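Biologist: I am new to this model and would like a close look at one part of it. Could you take me through a pair of packed helices and then show me what surrounds them?

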Amino acid sequence: MDMKTAPGNAWDVNEHDFPRDAPLDAKACFALRYAALAPSSHNSQPWRFLVQDNMIDLLADRTRSLPVADPYDRELIISCGAALFNLRSALAHFGVWFNISLFPAEADPDLIARVRLTEGHTADRTAGNGLAHLFPAITRRATNRTPFGPIPLPDSLVASLCAEGAAEGVALKAVTDGKERARVAGLIAEADRIQFADARFRRELAAWIHPQRARDGMPAYALGVPKLMDFETPITAMVIRTFDVGDGKAAHDAALAAGSPLLLCFSTTQDNAPAWLFAGQSLQRVLLQAKLEGYDASHLNQPIEVPTLRPQLRDLLQTGPYPQLLIRVGRGNPVAHTARRPIEDLTC
């Protein structure tokens, strides 16, 4: 179980405070507290929400983009998809009916989704169908970058996770064989070396682990940095920004990948914003189901972020045309939640 976080932060939202007798806009604002707990690249939280009466607009906040690691905002849209899935699960849990329109305004690419809350008779009954049971995992889930134990996941659970992800229109490839995981680990290590050799990548990464980031970004331990370089932030940020530590990071991440009992690769048939949004929803659905079963996860997306390695990962794993995400699943030591911005900063 995840370590408890300090009182008063975003993770302490209490479902019993849901305003059942309030208007739909109040219910929408409360449900957004769960949407904001979704994972995102570098914990950048690249989303904003606009609530008007019975309608919630999910907007991409491109001021929080990662121009080097994610130049086309692919992972940004994936992150928004994870937030959208949390919102769907929360609304389903609270018994609020809703309809969803994806990318409803062609002239506004930042408008990712429009969620219209209804009284039930006009709602899309499939939008929240089968999602309420995942709700308890939203506040328990935390990205866990510690080493995972080697005990394999039951085959039935692996099949269940793949089915959950596929329910969002995304193909999943499970990697459980040790030799195959080792080959994937080799690609991850190669990607680490390529990324850390780029001074622009190091500067961008360092900016997101800066000690002054109290509501977003990543702590140094999230990268395995203390064991890797025996430094603590703020020195860590300076070291990453200034020096190429790719070899050490490569060895660290390769060991994590090879030692984890399960790798999951998410892939799509298209490589565009709708496909990325589906991938994000699929990801969060899998992460929540894994947490319900007592398992943790973390990202190993480096081979997908490096353009020359992405097709190599596809060919190695024989996935769909466009790998979008690579995660590892297992059981690790308890970890704290990463920081979250207050909901007041996310709404407009």
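At roughly what angle do the axes of helix α3 and helix α9 cross, and within what distance do they come?

Modeller: Happy to! A word on the source: this is a predicted model, in which local features need pLDDT of at least 70 and side-chain atom pairs count only at pLDDT 80 or more, while totals for chains, interfaces and linings use all residues. Residues are numbered from 1 along each chain as its sequence is written, and side-chain values use heavy atoms, leaving out hydrogens and water.

Now to your pair. Helix α3 covers residues 155–166 and helix α9 covers residues 273–292; their axes come within 8 Å and cross at roughly 150°. Helices here are DSSP runs (H or I, at least four residues), numbered from the N terminus. An axis is a line fitted to C-alpha atoms over the stretch in contact, and angles run from 0 to 180 degrees between N-to-C directions. Angles over 145 degrees count as roughly antiparallel, so α3 and α9 are roughly antiparallel to each other. Their crossing is right-handed, that is, the near helix is turned clockwise from the far one by less than a right angle.

Which residues meet there? From α3 come Ser160, Leu161, Glu164 and Gly165, and from α9 come Ser282, Arg285, Val286, Gln289 and Ala290. By class, this contact has three nonpolar, four polar and two charged residues. Ala, Val, Leu, Ile, Met, Phe, Trp, Tyr, Cys and Pro count as nonpolar, Asp, Glu, Lys and Arg as charged, and the others, Gly among them, as polar.

Staying on α9, look for Phe278, which is found in this helix. Phe278 is partly exposed, with a relative accessible area of 33%; buried means under 20%, exposed over 50% and partly exposed in between, with a 1.4 Å probe and protein chains only. Leaving aside neighbours within four places in sequence, Phe278 is in contact with Leu102, Glu168 and Val170, where contact means heavy atoms within 4.5 Å. The C-alpha atoms of Phe278 and Ile77 are separated by 9.2 Å, although these residues are 201 apart along the chain.

Stepping back, the protein chain has 11 helices and eight strands, with strands being DSSP runs of E, at least two residues. Of its 348 residues, 54% count as buried. Among contacts between residues at least 6 apart in sequence, 77% join residues at least 24 apart.

Key:
Angles under 35 degrees count as roughly parallel, over 145 as roughly antiparallel, 65 to 115 as roughly perpendicular and the rest as oblique.
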